[in-house]
Amino acid sequence: MLRTPTGGAGSGTATAGDRLVSIGTVLNQLRDEFPEVTISKIRFLEAEGLVEPRRTASGYRKFSPQDVERLAQILRMQRDHYLPLKVIREHLDALARGEQIKLPAPGRRRDLVEGAWEQDPEPPTAARIGRAELLAAAEVTETELLEWESYGLISETDGGGYDPETVTVARLVADLGRFGLEPRHLRAVKAAADREAGLIEQVVAPLRRHRNPQTRAHAEATAQELAAQSVRLHAALVQTALGIRLH
């Protein structure tokens, strides 16, 4: 059981004796325990609403001791218990209310099932769906799917079947088609996504080769965070480009 007086995101109200520090100082304070942490990681956790540092008039982040301890809690829950950010946020909110929480045993991956932590003897593999399931879930025809596959927009996994995220891809391709964007127009988007995935793989590859099993396990979370930031960057660049062209 774990209980702590640490407040929630944005509740780190510094007292007169507290010293606010920069993000670089926070990074140095955390790296002794978390050598893989980066400034991008801290900014990602801020973007997800898990920590809310103060801002100076010039826009610089300033972290209180409570912010730093909260970040350490988040990183421990990720590293030691493999918890997703949604569950971590729920735990931190409970702690802020003065409640006790029960964490899964360290060092083993667990899934939250019907409110109870059930241990998996082996890390779970991503579920796959069949072709008929994909067609039904995405509400598309066999002809459409064949065309999208011919352009490389959708493909089966190495072991057969489709990744569940493929349903989202299929729906988006169908929606764009209603605006007149054909699969051949979307090949450039797919190529850009493949290049971004390659860049992310370059970053996480050293983590996956690390001797420390916790560092290797952290690679997946890092890849997900980088993917989320890459999506945000892509959206911002598209909006910026459209703004320039519209004026």
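A salt bridge here is a side-chain nitrogen of Lys or Arg within 4 Å of a carboxyl oxygen of Asp or Glu. Side chains of opposite charge can pair when their charged atoms come close.

A word on the model. It is predicted, so local features need pLDDT of at least 70 and side-chain atom pairs count only at pLDDT 80 or more, while totals for chains, interfaces and linings use all residues. Residues are numbered from 1 along each chain as its sequence is written, and side-chain values use heavy atoms, leaving out hydrogens and water.

The search of the whole structure turns up 14 salt bridges.

Start with E33 and R76. Their side chains meet at 2.8 Å, N to O. This pair links distant parts of the chain, 43 residues apart. E33 sits in the loop between helix 1 (23–31) and helix 2 (39–47), and R76 sits in helix 3 (residues 65–81). Helices are DSSP runs of H or I, at least four residues, numbered from the N terminus.

The cut-offs: buried is under 20% relative accessible area, exposed is over 50%, partly exposed is in between, with a 1.4 Å probe and protein chains only.

Next, E142 and R131. Their closest N and O atoms are 3.0 Å apart. E142 lies in helix 6 (residues 142–150) and R131 in helix 5 (residues 131–138), so the pair ties together parts 11 residues apart in sequence. E142 is partly exposed at 34%. R131 is partly exposed at 25%.

Which residues form a network? Salt bridges with shared partners join E33, E69, R76, R79 and D80.

Last, E99 and R97, at 2.9 Å between closest N and O atoms. E99 is partly exposed at 35%, whereas R97 is exposed at 54%.

Conventions
Helix = DSSP H or I, 4+ residues; strand = E, 2+ residues; numbered from the N terminus.
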